[in-house]
Amino acid sequence: MNQSTRAYERLRKEIVDWELPPGTHLSEIRLAERLGVSRTPLRQALHQLAGDHLVRMVPGRGAFVMEIALEDVRHLFQLREALETYAARLCARAPHRTGFRELEREFRERHTALAEEATSARIDDYYALAQRLDEQTDRVAGNPHLAGAVRSLRTQLRRLRRIARRTPERLLRSADEHALICGAIADGDEGRAAELTAAHINNSLRNILEAMAEDVGRTGPTVAEVR
């Protein structure tokens with residue numbers, strides 16, 4: 001792995017995990033020293049992150065972690081609904097979709113575990129299973145262009161998990177919604193699979209917007225709302 005790729009992968013993870021929160025100034029000098037890379041590959045990594053909409057470049061001021069604005073969240077979820085509902089339809093049409101039955105069972109197990117106690121470890125297990133569902137969907141849908149578009153979108157959406165984790169009740173409902181989606185795909189019911197996927201996405205959007213609005217109400221405008 002070359003220096004640019006190494007810096008890109010490390011910074012992307014830190015941004016997605018909120019180790020580098022929205023609005024953080026990304027000093028090239030400090031980052032190059034911390035990551036053990038030279039300035040040129042670091043700049044290449046920052047420009048690649050800007051292409052992922054995780055970093056914004058400000059002339060004369062440098063690079064900043066992209067803020068999360070309410071309108072941006074809505075736009076991301078509109079695109080997510082368009083892409084993921086169609087992917088669910090393709091999976092329900094596919095002859096090799098039996099793996100979704102096993103995923104349905106596992107999501108019901110996660111639902112039970114979260115209902116007993118929503119510990120950090122159990123929440124992490126839920127998100128790991130959700131990632132497996134994403135990978136299974138990409139594989140079974142069989143459209144590499146669709147998969148590429150969805151993967152790019154997911155990188156930005158993963159940053160919002162920090163907000164979603166604050167509502168265990170929503171995670172519990174989300175596990176149930178994922179189980180229902182997997183069941184509909186396994187049954188080959190593409191209309192229901194798309195309908196359930198759209199409902200899940202809109203429920204997730206509503207939860208995140210409500211949490212962000214509460215933050216604004218408590219503290220006033222922050223880097224999450226102001227560009």
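The model is predicted, so local features need pLDDT of at least 70 and side-chain atom pairs count only at pLDDT 80 or more, while totals for chains, interfaces and linings use all residues. Residues are numbered from 1 along each chain as its sequence is written, and side-chain values use heavy atoms, with hydrogens and water left out.

Helix α3 covers residues 39-51; helices (H or I, at least four residues) and strands (E, at least two) are DSSP runs, numbered from the N terminus. Pro41, Leu42, Ala45, Leu46 and Leu49 are the buried residues of α3, where buried means under 20% relative accessible area, exposed over 50% and partly exposed in between (1.4 Å probe, protein chains only). These residues lie on the same side of α3, because they cover an arc of only 145° around the axis, taken from the directions from the helix axis to the C-beta atoms. Their cover includes α1 (3-16), β1 (25-26), α2 (28-35), β2 (55-58) and β3 (62-65), with contact meaning heavy atoms within 4.5 Å. The face turned away from the buried side carries exposed His47 and Gly51. After α3 comes His53, with a positive phi near 65°.

Turning to helix α9 (residues 168-187), Arg170 lies within it. Arg170 has a relative accessible area of 4%, and is therefore buried. Beyond its neighbours within four places in sequence, Arg170 is in contact with Glu177, His200, Asn203, Ser204 and Asn207. With Ser204, the Arg170 side chain makes a side-chain to side-chain polar contact at 3.1 Å; such a contact is a pair of N or O atoms within 3.5 Å, where within protein one must be able to donate a hydrogen and the other to accept it, and residues adjacent in sequence count only if both atoms are side-chain atoms.

Terms used. The expected span of a helix is 1.5 Å times one less than its number of residues.
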